[in-house]
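Trainee: I would like to learn how to read a structure feature by feature. Could you take me through one slowly?

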Amino acid sequence: MYTEKSIVKCESGLHNKQATYFIQKANEFRSSIWVEADDRKINAKSLLGVLSMGITTGTEITLIAEGPDEEAAVKQLSEMLVKDIY
């Protein structure tokens, strides 16, 4: 299992288009990936789950992955969170 904390810096948070791109990227990996924020943990490959979190700019989240490409998954998804447009 590989985890990393990150602060969402993209201006619109994880909503609409950014959430879609984030989920598409998460689905490129074979590992199971979760997003944890405010005592909630959801599947990072689920659009409804990510949107239901209401993640806005400045939110601290923890990315958790478990599987054959877990480190690459967490690092690449974490990098996406600091960009405004993917």
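The dialogue below goes through the sheet, the helices and a few single residues.

Mentor: Before we start, keep in mind that this is a predicted model, in which local features need pLDDT of at least 70 and side-chain atom pairs count only at pLDDT 80 or more, while totals for chains, interfaces and linings use all residues. Residues are numbered from 1 along each chain as its sequence is written, and side-chain values use heavy atoms, with hydrogens and water left out.

Trainee: What is the order of the strands in the sheet?

Mentor: Strands (E, at least two residues) and helices (H or I, at least four) are DSSP runs numbered from the N terminus, and two strands pair if DSSP finds at least two bridges between them. Here four strands form an open sheet with the order E1-E4-E2-E3, and the pairing is antiparallel. E1 and strand E3 (40-43) stand at the edges with a single partner strand each, so one side of each has no neighbour in the sheet. On average, neighbouring strands of this sheet are turned by 25° against each other, direction ignored.

Trainee: How many bridges join E1 to E4, and which residue stands opposite Lys5?

Mentor: Strand E1 (residues 2-7) runs antiparallel to E4, and six bridges join the two; within this pairing, Lys5 stands opposite Thr62 in E4. Strand E2 (residues 32-37) also pairs with E4 in the antiparallel sense, over five bridges. There, Thr62 in E4 is the bridge partner of Glu36, and Trp34 stands opposite Ile64 in E4.

Trainee: Is E4 mostly covered or mostly open to the outside?

Mentor: The general idea is a cut-off on relative accessible area: buried means under 20%, exposed over 50%, and partly exposed in between, with a 1.4 Å probe and protein chains only. Strand E4 (residues 60-66) is mostly covered, since five of its seven residues are buried. When you look at any strand, remember also that in a regular strand the side chains alternate between the two faces of the sheet.

Trainee: What joins E2 to E3, and what can be said of the hairpin that these two strands form?

Mentor: E2 and E3 run antiparallel and are joined by four bridges, with Val35 opposite Ile42 in E3. Their hairpin has two residues between the strands, and Asp38 takes a positive phi near 50° in it. Asp39, which lies in the loop between E2 and E3, also has a positive phi, near 65°, in a residue other than glycine. At 84% relative accessibility, Asp39 counts as exposed.

Trainee: Where is Asn16 found, and what is its phi?

Mentor: Asn16 belongs to helix H1 (residues 16-26), and it has a positive phi of about 45° although it is not a glycine. Its relative accessible area of 62% makes Asn16 exposed.

Trainee: How do the axes of H1 and H3 cross?

Mentor: Two packed helices are described by the angle between their axes and the distance between the axes. Axes are lines fitted to C-alpha atoms, for helices over the stretch in contact, and angles run from 0 to 180 degrees between N-to-C directions. The axes of H1 and helix H3 (residues 70-80) come within 10 Å and cross at roughly 165°. Angles under 35 degrees count as roughly parallel, over 145 as roughly antiparallel, 65 to 115 as roughly perpendicular and the rest as oblique, and H1 and H3 are therefore roughly antiparallel to each other.

Trainee: What sits over the ring of Trp34?

Mentor: A charge sits over a ring if NZ of Lys or CZ of Arg is within 6 Å of the ring centre and within 35 degrees of the ring normal. In this model, the charged end of Lys41 sits over the ring of Trp34, 5.0 Å from its centre.
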